[in-house]
Amino acid sequence: MSVDRSRGMAATEAEAEPTKVLEFGLGDGTYCLDIGVIDEIVDAGELTRIPNSPDHVEGVMDLRGRTTTIVDPKTLYDIDEDGPRKRIVVFDDDGFEEGRTVGWVVDGVFQVRDVSPEDVDQSTTVEDEGVRGIVKSDDRFVVWVSPDVDDALAADVDDVDAAEA
């Protein structure tokens, strides 16, 4: 199914407009997300750990009266490097069931920039779940990821919400 989707995207690349992405750091790597899925970026605060939660769920925090599940994308993407974990990228809750708020703890946020379809190499990531492509930049590569790394993430958020109740 991923192969068919990438073929369809390749056919429309010529007509496609640039996408604004947020670049952020995880360990020594630079990653990006489409800003259309991001609600806000906040400073990392104190988290409440949830017993028996999945490894990638760091805990929850109160974000303007809403319980926000905080996920560690380093665990999701198997990244072993440490970092300062300074910011939380909070996703638009339209991508999750009503009332669910999810954020990723990241080491730093760098910039918002435009990415043209011709700058994205999808050939190396066709089978990688949660990776949209590799963005070719001047002297580096940026991994374009998606917040829906796997369908289990939504189920895990449901499990955390059930544990809180």
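## First stop: a salt bridge

Select Asp43 and Arg87: their side chains meet in a salt bridge, 2.4 Å from N to O (a salt bridge is a side-chain nitrogen of Lys or Arg within 4 Å of a carboxyl oxygen of Asp or Glu). Asp43 sits in strand β3 and Arg87 in strand β6, so this pair ties together parts that are 44 residues apart in sequence. Asp43 is exposed at 52% relative accessible area, while Arg87 is partly exposed at 26% (buried is under 20% relative accessible area, exposed over 50%, partly exposed in between, with a 1.4 Å probe and protein chains only).

A word on what you're looking at: this is a predicted model, where local features need pLDDT of at least 70 and side-chain atom pairs count only at pLDDT 80 or more, while totals for chains, interfaces and linings use all residues. Residues are numbered from 1 along each chain as its sequence is written, and side-chain values use heavy atoms, leaving out hydrogens and water.

## More bridges

Next, pick Glu40 and Arg64, a salt bridge whose closest N and O atoms are 2.0 Å apart. Glu40 is in strand β3 (residues 38-43) and Arg64 in the loop between β4 (57-63) and β5 (66-71), so the pair links parts 24 residues apart in sequence. Arg64 is exposed, at 62%.

Now go to Lys20 and Asp114, another salt bridge, with closest N and O atoms 3.0 Å apart. Here β1 (residues 19-26) supplies Lys20 and β8 (residues 108-115) supplies Asp114, so the pair ties together parts 94 residues apart in sequence. Both ends are partly exposed: Lys20 at 42% and Asp114 at 43%.

Then select Glu23, Arg113 and Arg140, which salt bridges with shared partners join into one network. The whole structure holds 10 salt bridges.

## A charged patch

Which residues form a negative surface patch? Select Asp28, Asp78, Asp80, Glu81 and Asp82 (patch residues have over 30% relative accessible area and no salt bridge, with like charges joined within 9 Å; Asp and Glu count as negative). Asp82 is in the loop between α2 (73-76) and β6 (87-91) and is exposed, at 74%.

## Zoom out

Switch to cartoon: the chain has 3 helices and 11 strands (DSSP runs, H or I of at least four residues for helices, E of at least two for strands, numbered from the N terminus). Of its 165 residues, 42% count as buried.

Technical notes:
Patch = residues over 30% accessible without salt bridge, like charges linked within 9 Å, V, L, I, M, F, W, Y side chains within 5 Å. Areas by Shrake-Rupley, 256 points an atom, 1.4 Å probe, with all protein chains shown as cover. Charge placed at Lys NZ, Arg CZ, Asp CG, Glu CD.
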